[in-house]
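Trainee: I have just opened this one and would like to go through it with you. Could you take me through it piece by piece?

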Amino acid sequence: MNIFSGIVVFVSIWWMVFFCTLPFGIKNIENPKDGSMPGAPVVPGIKRKAIIATAISCVLWIGAYALIKSDLISFHDMALKMSM
């Protein structure tokens with residue numbers, strides 16, 4: 001895996017994990033005032049969720065990197081078989 005592929009894999013993993021962490025700890029506004037959406041969170045905590053997503057993504061990326069480098073699953077051979 002070259003550096004570009006590693007970055008692309010990390011960013012893909014990060015966005016999936018970030019979207020999975022968004023609903024955690026959400027408390028909706030009980031009495032929304034004019035112009036407020038009823039489903040809007042009181043405190044979204046985006047910074048905290050981004051940090052959590054980064055930590056989880058680092059662990060998952062290390063696992064993906066180890067899997068690719070170990071040739072336990074040969075992604076190169078899979079790509080060649082699919083192109084035939």
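Trainee: Is Arg48 buried or exposed?

Mentor: Arg48 counts as exposed, because its relative accessibility is 55%, and the cut-offs are under 20% relative accessible area for buried, over 50% for exposed and partly exposed in between, with a 1.4 Å probe and protein chains only. Keep in mind that this is a predicted model, in which local features need pLDDT of at least 70 and side-chain atom pairs count only at pLDDT 80 or more, while totals for chains, interfaces and linings use all residues. Residues are numbered from 1 along each chain as its sequence is written, and side-chain values use heavy atoms, with hydrogens and water left out.

Trainee: What span does helix α2 reach?

Mentor: Helix α2 covers residues 46–70, which is 25 residues, and it reaches 35 Å from its first C-alpha to its last, close to the 36 Å expected at 1.5 Å a residue. That expected span is 1.5 Å times one less than the number of residues in the helix. After α2 comes Asp71, whose phi is positive, near 60°.

Trainee: Which residues of α2 are buried?

Mentor: The buried residues of α2 are Lys49, Ala53, Ser57 and Ala64, and what covers them includes α1, residues 3–21.

Trainee: Let me pick one of those. Which residues does Ser57 touch?

Mentor: If residues up to four places away in sequence are not counted, Ser57 touches Phe10, Ile13, Trp14 and Val17, where contact means heavy atoms within 4.5 Å. Ser57 lies in helix α2, and it counts as buried because its relative accessible area is 0%.

Trainee: And over on the other helix, is Thr21 buried or exposed?

Mentor: Thr21, which has its place in helix α1, is buried, with a relative accessible area of 5%. Leaving aside neighbours within four places in sequence, Thr21 is in contact with Lys49, Ile52 and Ala53, and of these, Lys49 and Ala53 are among the buried residues of α2.

Trainee: What about Trp15, and how accessible is that one?

Mentor: Trp15 is also found in helix α1, but Trp15 is partly exposed, with a relative accessible area of 41%. The C-alpha atoms of Trp15 and Met84 are separated by 32 Å, and the two residues are 69 apart along the chain.

Trainee: Changing topic, where is the place of Glu30?

Mentor: Glu30 is in the loop between α1 and α2, and it is exposed, with a relative accessible area of 73%. Glu30 and Asp71 are 41 residues apart in sequence, and their C-alpha atoms are 53 Å apart in space.

Trainee: Stepping back, how many helices and strands does the chain have?

Mentor: The chain has 3 helices and 0 strands, so that from the N terminus on its elements run α-α-α. The radius of gyration is 19 Å, well over the 12 Å that the globule rule gives for 84 residues, so the chain is more spread out than a compact globule. That radius is taken over C-alpha atoms, and the globule rule is 2.2 Å times the number of residues to the power 0.38.

Trainee: What box do the C-alpha atoms fill, and what share of the residues counts as buried?

Mentor: Taken along the principal axes, the box is roughly 60 × 30 × 20 Å, and of the 84 residues of the chain, 12% count as buried.

Key: Helices (H or I, at least four residues) and strands (E, at least two) are DSSP runs, numbered from the N terminus.
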